[in-house]
Amino acid sequence: MAHLTQTGGASDSASSCATATSTPTTSTSSQCDINTKLFDLQRYIALGCLHVNRPLPISLGAQAYAGWLELQFAQLPDETKLMIGDEAARLLDAGWIRLFFHNDDTTTIIRVYLLPEDWGRRFIDRKSKSLKLALRDLLCRVDTCAEAWFGDHSRTRILYFDPWATAENVSLFYLFNKLPSPDPAPQNVQDRYTRFAIEDLLESSLPLPVDEHGQPLNGLKTRLYPYQARSASLMVQREAVPQLQLDPRLEVRESPTGEKFYFGARDGTFLQDPLYYESNRGGILAETMGLGKTVICLAVVLATKGHMPQIPPAYQTPPRVRERVGSLAAIAAEAIGRHSLPGRAQLERIEKDENIDLSGCKRLLEQHLPYYDIPYELPRMNRTTKIPPPRRLVMCSATIIVVPRNLLQQWQTEIRKHLLKDSLKILVLDTIPKRTPKAKSQRPGEAEFERRGDLPSSSRLMQYDIILFTRNRFEDEIKDGSDEQGRRHVPEKCTCPYIGASRVRDCSCPSMSGMYESPLKRLHWLRLIIDEGHNFASGISNAVLVAKQLQVERRWVVSGTPAKDLVGVEVDMSTLEAESDMGSSALRELAIDQRKNFSYKDDASGATKALGSLAANFLMVRPWCDSGSEGRLVWDDYVYRHEHGFRKTYSGFSTCFLRTLEGMVVKTRPEDVEEDIVLPPMRHRVVYLKPCWFDKMTANLFIQVLRANAITSERSDVDYLFHKNSVRARQSLLRNLRQSNFTWTGFSLEDVASTLETSSKYLGKEDKKCSIEDATSLLESSSVVGELLKSDGWCALSRSHEIGLAVDNWPQDSEEVFALSRGQPAMIGATQLLEGQYYVDSHILSENPSQGLAVVGQVAKTKLIEQEEAERAAKKPKKEDGEEPQTARGGVPSSCIDDRQPLTSKRASVASSKVLPRKRTASIATLSEHPGTPDTSEQIDDSQPTSIISPKKRKLTLEDEKAELPESSPLRDTHVVGTTSAKLSYLIEMVMKHQETEKILIFYDGDNAAFYLAQCLEMLYINHRIYARSLDNIKRAQYVTLFNEDPDVRVLLIDVACGALGLNLNAASVVLIVNPINRPGIEAQAIKRAHRIGQTKEVLVETLILEGTIEEAIFNRAKNMSRNEHLEVKMLEDDNKIIDIIQNAKVFPIDQGESQGLQQFAPLHVPQQVFGRSGRERYHRFGHLTDAKSSEKQKSSKATKRMRTGSVSSAMSPSQTEMPILPPPTFSAKAASTLSTDSIFGGAS
């Protein structure tokens, strides 16, 4: 029989002493004291109840207290042990639990009290792994229902104890978008200076009374929106007053009695009292793109100007004992530094408010700068070990800001926009380019910058408020501790060889004197801010390693997408807005609910791991980071719910992850933002365009190629493009297919003839293996494509690689030499038209501006002939060397699967100097930097005479640019009435419709599209820039600034692959997307370049699609794909349904007469005048035109020299050059290959 003890019987304490056999005894009295403490149930956790289906076979020897009796392990019958379970019996024997039971007629309820691990460890061993496993097994049987605890035997409700981490069964996307908005509490901040800073920030969003004038925040021009002020205030509060956060290994649980205890699911720990970590002084500012993260950061820096970091407690020393009594001022200055008070900032404020001079006090503060010493740690010591002196760090109030290089100019622009002059002292550090661009002149009242490439001394660095680094320059500090050759180890003994027979060593060992020591490491910085800091998730990048080596009190990552695919709900909303009439609130909830559920594939890696890496490697969040003696926790072990003792099951997120996320991220919910600010409306619509004859024939050509490849290869072996080993060729063809929806001139006559011949030969074979349907479809496409060889216009475009323009009333005496094909209207290439236009406009003041125009046309025609011969000559060696012929892949021309894009006549590259006449070329950088720049290079063979002499070149004047043609001039009747691209015609009309009143963004895909668009904008004399991948980051930043600030620059062409992220282009209110992007995240990011804070106009977004084409079918499929389907395919063309779309595309039927006259073109509803257009001066120059005259000659000669020596990065502006040749928009063959655009609807940007 078991021994019984009444629950409330004080008389049984002695028997309890006698029966506690599991506790070692030293004396009777001490054992009784221990047992008396262990007998106190207040020390135990009321865990729950065990149910037994029959009464325990125990006779009650005394009246039970409230019906509950305690089970003692001594002499416990085996039958009872079996009934309560082996785990409970072992734990009861070890003293880990206490059991009390209550019988009714048929069942027994047993209360389980558990001894917590934070009490009684001196008396009871808690390290046994076997008992830990027994406890975990017991937990699965424990009922935590309160009714059972209080004696209800009905079992109407059983709640078993959950032995695993409490689950948050929602996705990271849901948690991220449901985080509470910032709610700062300045009343909870004890430090008055921090409290004043928070109050100033909150007040900076309040409107001033009408009769009052002043700055919203000292030094800040801009009045913050309320949500911006709250975010900035919470950042300051978290920096200065870190909160105590529950140890992530623990979670709060509630006992059946309503009392709270703390449970560690991973190792089965139970505690009565919590363990806390101090939250990090920083985090992630994750406000959605376009909501002003930059100005929030600047406001934080301004509000805490002069605030000092605190000396780490481990290195704090008591106040020094002076040899003699110091002055009161010196003692006060030292105390200010020791307690990290913003003394200098307060003195400057008093000086300003009271108009007094306190320079003497400020000098005293400089003489008593706070510092501390870090002792040098040696792994082991011996008698000869020399202990190096401790490393001394001086406290510094400056903030380091690290930005991507392409955003440096944007940060400087934002600083000028939001800060008053002298409000902050700023140092800009960037790698020095070979040609340093001229610094932008400061406007009155704007913040000023000091720019340099090398770091000044530590004492100089302390004088600045902001150190603005580019990431490239910041990474350069990784060389700390190495010499110029990158060597870091200084040998204790030199082993270099001797010089000859002497005993003098030829020493080349690194020395300590030659080691570079970064000035950044000599200071303890107040704050480090990383813009677009999601790139710091890698723990091994140089930038992260440098950041970890610095002593910084406050660390912030600034990014609207802190991890890949972790974005605000606004991004998903943007894909639904165009198709829904729901309100923004309902639409937002719909977008969140669509991605609410936890997904192992999406949430068990990727963004979650990136957040863990940020927390551990950069933000230094304890206990995730390696903080020395206590080690670090493994992120995945605790942020997920794992339903196994050892294996990781990733069954959901844990409450620990939610707490960690709330402690790191500062983000305002969209509904709270909408209460403070309402952006202008944004209309996003899809424009379906009727393809012209040239568009249809291009589509049919690609369909013919696909059919010929599939049928002639019999859909097998590597010749088949959709074979698993033909990935590269297939991707190249599909990339070209996508870009062909704008225009395509990559097919040569030989390509068409070859694919037709291959198809014909195969269909003529007797042993062919194809179905009747395949043979019929191949005959259909072959017959349609065969008509191309009869089209003079298509053949001419194929040879010249030009975009064709339909022109009415071109001067008759030169029409024949300019026209690529005769007819009404005449078809003239864009390059040739520009040369003729430039010639006429530069002679507009002459009696007959068109005199000599025929010679210009003849020169242009000669160039086309040379180009055709050059291409033909360049192909010959390949055939002679036995390399792969054009149709090696089952009827697929090599031009279809070549990574290179077809070059325009002005982009033709020199393949071999032995075969081709020497030409000079210019890159896209030239055209993007100086649109409209005439080509001063000779495109004719320099070594051989020619009968064609170019007209004498002359410089343009401002009078030339402003002059107009006489009303009676027939040149006024020359108009472009159409183009060979439906998308180009539509873009021309949209640009002409909006460019007077709106600025326009055009997102393009493919370098040729940029050149063709640029040529048409040149023809229209619309000032523009090209934000191309081939430009360096400095030039890109300059173009963004120019577009935003210069009223004459009306259009910015942006490559989606490099311009969809991070840019502020709110000067634009019209966004045109040439080819559908088809990746919702990238498309939303592109749209947000214009639809963001600062936008004052309604934003119009249009995506252009050719109706009835493969492009439309892919667009519809991509629109209906789920997010998981998008994530499953690296490139969109890998989706099986899209592959089916491509393989089963239908041929466009061609109507009778559609290939003749104006019907073959995409018409312009408003014909565009070619010669003597008004506003030409705004295109060629911007700013004050007359100011540039004095330097025209010098700049022109320098630019010409650079062109002749192969430099194309700084070509001359059009107003400073001779005429009449346009700049050649050209790549070399190598450049065209390496710069081919990444797949937009096929892959991540």
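So, M697, N700, L701, Q704, R707, A708 and I711 in α25 meet D774, S777, L778, E780, S781, S782, V784 and V785 in α28, where contact means heavy atoms within 4.5 Å. By residue type, that contact splits into seven nonpolar, five polar and three charged. For the classes, Ala, Val, Leu, Ile, Met, Phe, Trp, Tyr, Cys and Pro count as nonpolar, Asp, Glu, Lys and Arg as charged, and the others, Gly among them, as polar.

Quick housekeeping. This is a predicted model, so local features need pLDDT of at least 70 and side-chain atom pairs count only at pLDDT 80 or more, while totals for chains, interfaces and linings use all residues. Numbering starts from 1 along each chain as its sequence is written, and side-chain values use heavy atoms, with hydrogens and water left out. Helices (H or I, at least four residues) and strands (E, at least two) are DSSP runs, numbered from the N terminus.

Back to that pair. Helix α25 covers residues 693-712 and α28 covers 772-786; they pack at about 145°, with axes 9 Å apart. Axes here are lines fitted to C-alpha atoms, for helices over the stretch in contact, and angles run from 0 to 180 degrees between N-to-C directions. The crossing is left-handed, that is, the near helix is turned anticlockwise from the far one by less than a right angle; clockwise would be right-handed.

Now compare α10 (293-303) with α14 (408-418): about 60°, axes 10 Å apart. So α10 and α14 are oblique to each other; under 35 degrees counts as roughly parallel, over 145 as roughly antiparallel, 65 to 115 as roughly perpendicular, and the rest as oblique. This crossing is right-handed. On the α10 side you have T294, V295, C297 and L298, and on the α14 side W411, E414, I415 and H418. Those residues divide into five nonpolar, two polar and one charged.

Next, the sheet. In which order do the six strands run? It goes β23-β32-β31-β28-β30-β29, an open sheet with parallel pairing; strands pair if DSSP finds at least two bridges between them. β23 (682-689) and β29 (1024-1027) are the edges, each with a single partner strand, so one side of each has no neighbour in the sheet. Neighbouring strands are turned by 20° against each other on average, ignoring direction.

Zooming in, eight bridges tie β23 to β32 (1099-1106), and V686 has T1103 as its bridge partner in β32. Helix α36 (982-994) packs on the sheet, touching β23, β28, β30, β31 and β32, and makes about 165° with β32. Helix α37 (1007-1019) lies across β28, β29 and β30, at about 170° to β30.

Elsewhere, β12 (282-285) runs parallel to β20 (551-558), with four bridges, and also to β22 (665-666), with two bridges. I284 stands opposite V557 in β20 and has V665 as its bridge partner in β22.

Where are the cis peptide bonds? One runs from R622 to P623, omega near 5°, in the case of P623 within the loop between α21 and α22. Another runs from Q824 to P825, omega near 0°.

Then there are two non-glycines with positive phi: Y650 at about 50° and N809 at about 60°. Buried or exposed, what is Y650? Y650 is buried, at 14% relative accessible area, whereas N809 is partly exposed at 49%. Buried means under 20%, exposed over 50%, partly exposed in between, with a 1.4 Å probe and protein chains only.
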